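This briefing is meant for a reader meeting the structure for the first time. Please look through the sequence and the model below before reading the grouped notes.

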Amino acid sequence: MPDLCVHCGMFATVFNKEDQPVCMRCREKNPKRYVCSKCKSLMTIRKGKYGSFWGCSGYPMCDNSVSIKQALMKERNKTNIK
Ligand SMILES: [Zn+2]
Ligand SMILES: [Zn+2]
């Protein structure tokens, strides 16, 4: 299963300078920033056996994690409300 681009959700083929999976179109964009909804630490890309996902940098104190797809969906919902 290929990773999804953290910016647009397309299949990612490269990584940006912070090792986040991105597509060719988004590779020059600034690295994505998410704040943990539980502890307000920064989320970082981690690689699991099912591909990359966002994990809390407060791990193991905080085990919050969200898939790249989920993160993008939440982002979209937020913008729709505004
Ligand atoms: Zn992209
Ligand atoms: Zn956290």
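β3 and β4 pair in the antiparallel sense over six bridges, where strands (E, at least two residues) and helices (H or I, at least four) are DSSP runs numbered from the N terminus, and two strands pair if DSSP finds at least two bridges between them. This is a predicted model, in which local features need pLDDT of at least 70 and side-chain atom pairs count only at pLDDT 80 or more, while totals for chains, interfaces and linings use all residues. Residues are numbered from 1 along each chain as its sequence is written, chains are lettered from A and ligands numbered from 1 in the order in which they are written, and side-chain values use heavy atoms, with hydrogens and water left out.

**The sheet**

- A hairpin of two residues leads from β3 to β4, and in the pairing of these strands Thr44 has Gly55 of β4 as its bridge partner.
- β4 also pairs with β5 in the antiparallel sense, over three bridges, and here the bridge partner of Phe53 is Ser67 in β5.
- Together the three strands form an open sheet in the order β3-β4-β5, whose edge strands, β3 and β5 (65–67), each pair on one side only.
- From one strand to the next the twist averages 35 degrees, taken between axes that are lines fitted to C-alpha atoms (for helices over the stretch in contact), with angles running from 0 to 180 degrees between N-to-C directions.

**The zinc site**

- The zinc ion (ligand 2) is coordinated at 2.2 to 2.3 Å by the SG atoms of Cys36, Cys39, Cys56 and Cys62; donors are N, O and S atoms within 2.8 Å of the metal (3.2 Å for Na, K and Ca), and sites may look incomplete because water is not among the atoms.
- The arrangement is tetrahedral because the four donor atoms subtend angles of 96 to 117 degrees, given that four donors count as tetrahedral if all angles lie between 85 and 135 degrees.
- Cys36 lies in the loop between β2 (21–22) and β3 (43–48) and Cys56 in strand β4 (residues 51–56), so the pair ties together parts that are 20 residues apart in sequence.
- Cys36 is buried, with a relative accessible area of 0%, and Cys56 is buried at 0%; buried means under 20%, exposed over 50% and partly exposed in between, with a 1.4 Å probe and protein chains only.

**Around Met43**

- Met43 touches residues including Tyr34, Cys36, Trp54 and Cys56, not counting residues up to four places away in sequence, where contact means heavy atoms within 4.5 Å.

Note on methods:
Tetrahedral: all angles 85-135°; square planar, octahedral: opposite > 155°, others 65-115°.
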